[in-house]
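This briefing sets out strand pairing, nonpolar packing and charged contacts in turn.

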Amino acid sequence: ALPPLGSVLSFRVRSTDLSGLSVEETFSLGVVSSSIRINEFLANNSNDSLQDEDGDRPDWIELYNPDGGLVSLNGMYLTDDPTNLTKWPIPNVNLAGGGYLVIFASSKDRRPTNGDNLHTNFSLNANGEYLALVAADGLTVLSEFGSALENYPPQNAGNTFGFFGDPLQS
């Protein structure tokens, strides 16, 4: 498992020469980022959009873990409001390396940990707004579309918006 965001890792390095003389130094490395990202989202659903367990076709957000290890999303947040970064707390669910997780942006506010569908307490605005994944510290934005000053662009019905390729391209 990866160390949690905000933790500090310490490394001790020692080098010894052939005569037995050595030097040792300790280095600290702060974990300041996560590779988990909002991969794509659908803010203007249509009749052929993904259906939830209630038969509705709400907006949705897809998270992606490009790393090889399992990552806990517990304590991270999703938000559509740059002034409220802790709007919807993600429950204790894991995202496998190379894995994807779809979270419905339905305003139904469901946070099960048993594998059932997750639903945020907000919906996405098809005319454009802010969308972010926030670290467990409630301050560090890990991934976002739009900004505090500018919304993501208006969305076409049934079309997703997100990243394509590596490195990331929008």
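Four strands make up an open antiparallel sheet, ordered S7-S6-S11-S12. S7 (88-89) and S12 stand at its edges with a single partner strand each, so one side of each is left without a neighbour in the sheet. The model is a predicted one, in which local features need pLDDT of at least 70 and side-chain atom pairs count only at pLDDT 80 or more, while totals for chains, interfaces and linings use all residues. Residues are numbered from 1 along each chain as its sequence is written, and side-chain values use heavy atoms, with hydrogens and water left out.

**Strand pairing**

- Strands are DSSP runs (E, at least two residues), numbered from the N terminus, and two of them pair if DSSP finds at least two bridges between them.
- S6 and S11 run antiparallel and are joined by 3 bridges; within this pair, Thr79 stands opposite Ala132 in S11.
- S4 and S9 are also antiparallel, with 6 bridges between them, and Leu63 faces Leu101 in S9.
- S9 pairs in the parallel sense with S10 (residues 118-119) over 2 bridges, where Leu118 in S10 is the bridge partner of Ile103.

**Nonpolar cores**

- A nonpolar core is a set of buried Ala, Val, Leu, Ile, Met, Phe, Trp, Tyr and Cys residues joined through side-chain atoms within 4.5 Å; buried means under 20% relative accessible area, exposed over 50%, and partly exposed in between (1.4 Å probe, protein chains only).
- The largest core has 26 residues, and Ile61, Leu63 and Leu73 are among those with the most contacts inside it.
- Elements giving two or more residues to this core are S3 (37-42), S4 (59-64), S9 (100-105), S11 (131-134) and S12 (141-145); S9 supplies the largest share, 3 residues.
- Beyond its neighbours within four places in sequence, Ile61 is in contact (heavy atoms within 4.5 Å) with residues including Ile38, Phe41, Leu78, Leu101, Ile103 and Leu124.
- A second, separate core of 5 residues includes Tyr77, Leu85, Ala132 and Val134.

- Tyr77 belongs to strand S6 (residues 77-79) and is buried, at a relative accessible area of 18%.
- Among the contacts of Tyr77 outside four places in sequence are Leu85, Trp88, Ile90, Ala132, Val134 and Gly138.
- The C-alpha atoms of Tyr77 and Gly138 are separated by 7.2 Å, although these residues are 61 residues apart along the chain.
- Gln155, in the loop between S12 and S13 (161-162), is buried with a relative accessible area of 8%.
- Gln155 touches Phe41, Ala43, Asn44, Ala126 and Phe161, not counting residues up to four places away in sequence.

**Salt bridges**

- The structure holds 9 salt bridges, each defined as a side-chain nitrogen of Lys or Arg within 4 Å of a carboxyl oxygen of Asp or Glu.
- Lys108 and Asp56 meet in one of them at 2.7 Å, N to O; Lys108 lies in the loop between S9 and S10 and Asp56 in the loop between S3 and S4, so the pair ties together parts that are 52 residues apart in sequence.
- Lys87 pairs with Asp80, their closest N and O atoms being 2.7 Å apart; Lys87 is partly exposed, at 25% relative accessible area, whereas Asp80 is buried, at 11%.
- Shared partners join Asp52, Glu53, Asp54, Asp56, Lys108 and Arg110 into one network of salt bridges.
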